[in-house]
Amino acid sequence: MLSSIVHMYILLFFVTRTIYGQSSCSCNQTDLDFATGINLVYYKCNSEIPATIAYPITVPQMLLNVSDDNKRIIFYVFGYLQYPEDSNVQLMMEGLCYGRTDNIVLLDWSKYSNGSYSSVFRNAEKVGSLFAQSMQLLVDSGLDVSRIYIVGHSLGAHIAGFVSKCNAFKIPRITALDPANPVFYLLGCYLTPNDAEWVDVIHTDKGGYGTPTSMGTADYYVNGGTRPQPGCQFLGLPLSKTDLCSHQKSVVLYAKLKRHPTKFTAKKCNSYFNYILNNCKKTLQIDVGYTAKDIRGSFYFHVDTI
């Protein structure tokens, strides 16, 4: 146990300096050839055919003609190796569509989400810059910034952070689902607590595929935030379904909580170390995921199934 704690704090040391010492965030205009094939996919969230409408990321204004002006627009950004037909992505889209509470849009960057991690990461940063430009076009076309809410999983969480990094406006909320671990690519542009008015982060594979440190204004650590999560094994072949299981549980949890909001008994702690030692001073009832409130700090809670 002691050696694992020491290992975790070594990771925290390097990752914290990576995140807060970022100098490689670029908002440069991306060429049109790169942008071809990246789409914003609007979900009708009903039984009509076709169920989705895709708009080029460089021409997003048509979204405003099909969206409900009285509802928020939730943009979902998936992660490394994922694509719209991926079961994990479909689960999230079904969850977001449930109840038809919001306009739902998927950022489909699957053209660049597969390949070596180093190449995908660098392409993801370009996608992030494009995404930010697209949000600016929407705002210039009349979209109220207060209606924008972005949910991102893994590498998608870091893409989400570009929207406020690269624009003069700051969006109200980003929900980051187990943001990708900066240790896998140290020199990069990562999500920070300043990338929205409120950044809430759900950790399920802390120090594995997920970041070992806090990245939000509110960080929720499910079962301590570490693997194995319920129904998962501790190890598997790298990038296999088994090995990614705990990392993906952040998406499963959010999708389930969208359908069935639940309050959790959580401990507010200033560090994982104090949580292990049971030195947390405050226990409270909190919402997590879609219905979460604008609270600040790090929160630890336990669940038996996800």
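Analyst: Helices (H or I, at least four residues) and strands (E, at least two) are DSSP runs, numbered from the N terminus. The model is predicted: local features need pLDDT of at least 70 and side-chain atom pairs count only at pLDDT 80 or more, while totals for chains, interfaces and linings use all residues. Residues are numbered from 1 along each chain as its sequence is written, and side-chain values use heavy atoms, with hydrogens and water left out.

Asp178 is not a glycine, yet its phi is positive, at about 45°. Its relative accessibility is 0%, so Asp178 is buried (under 20% relative accessible area; exposed is over 50%, partly exposed in between, with a 1.4 Å probe and protein chains only). Val183, by contrast, is partly exposed at 34%. Together with Leu186 and Leu187, Val183 makes up a nonpolar surface patch with about 280 Å² of accessible area. Such areas come from the Shrake-Rupley method with a 1.4 Å probe, and for residues only the protein chains shown count as cover. Patch members have over 30% relative accessible area and no salt bridge; like charges are joined within 9 Å, nonpolar side chains (Val, Leu, Ile, Met, Phe, Trp, Tyr) within 5 Å. A salt bridge is a side-chain nitrogen of Lys or Arg within 4 Å of a carboxyl oxygen of Asp or Glu.

A positive phi also occurs at Asn278, again not a glycine, with a value of about 60°. Asn278 sits in the loop that joins helix H9 (272–276) to strand E10 (282–287).

Pro228 belongs to the loop between strand E8 (218–222) and H8. The peptide bond that leads from Arg227 into Pro228 is cis, its omega being near 0°. Helix H8 itself covers residues 241–259 and bends by about 50° at His247 (the angle between axes fitted to the seven residues ending there and the seven starting there). Of the 19 residues of H8, 15 are buried, so the rest of the structure largely encloses this helix.

As for confidence, the protein averages a pLDDT of 92, and 92% of the residues score at least 70 (pLDDT is the predictor's confidence in each residue, from 0 to 100). Residues 1–7, however, have a pLDDT below 50, and this stretch has two contacts beyond near neighbours in sequence (heavy atoms within 4.5 Å). Where pLDDT is low, the predicted coordinates should not be read in detail.
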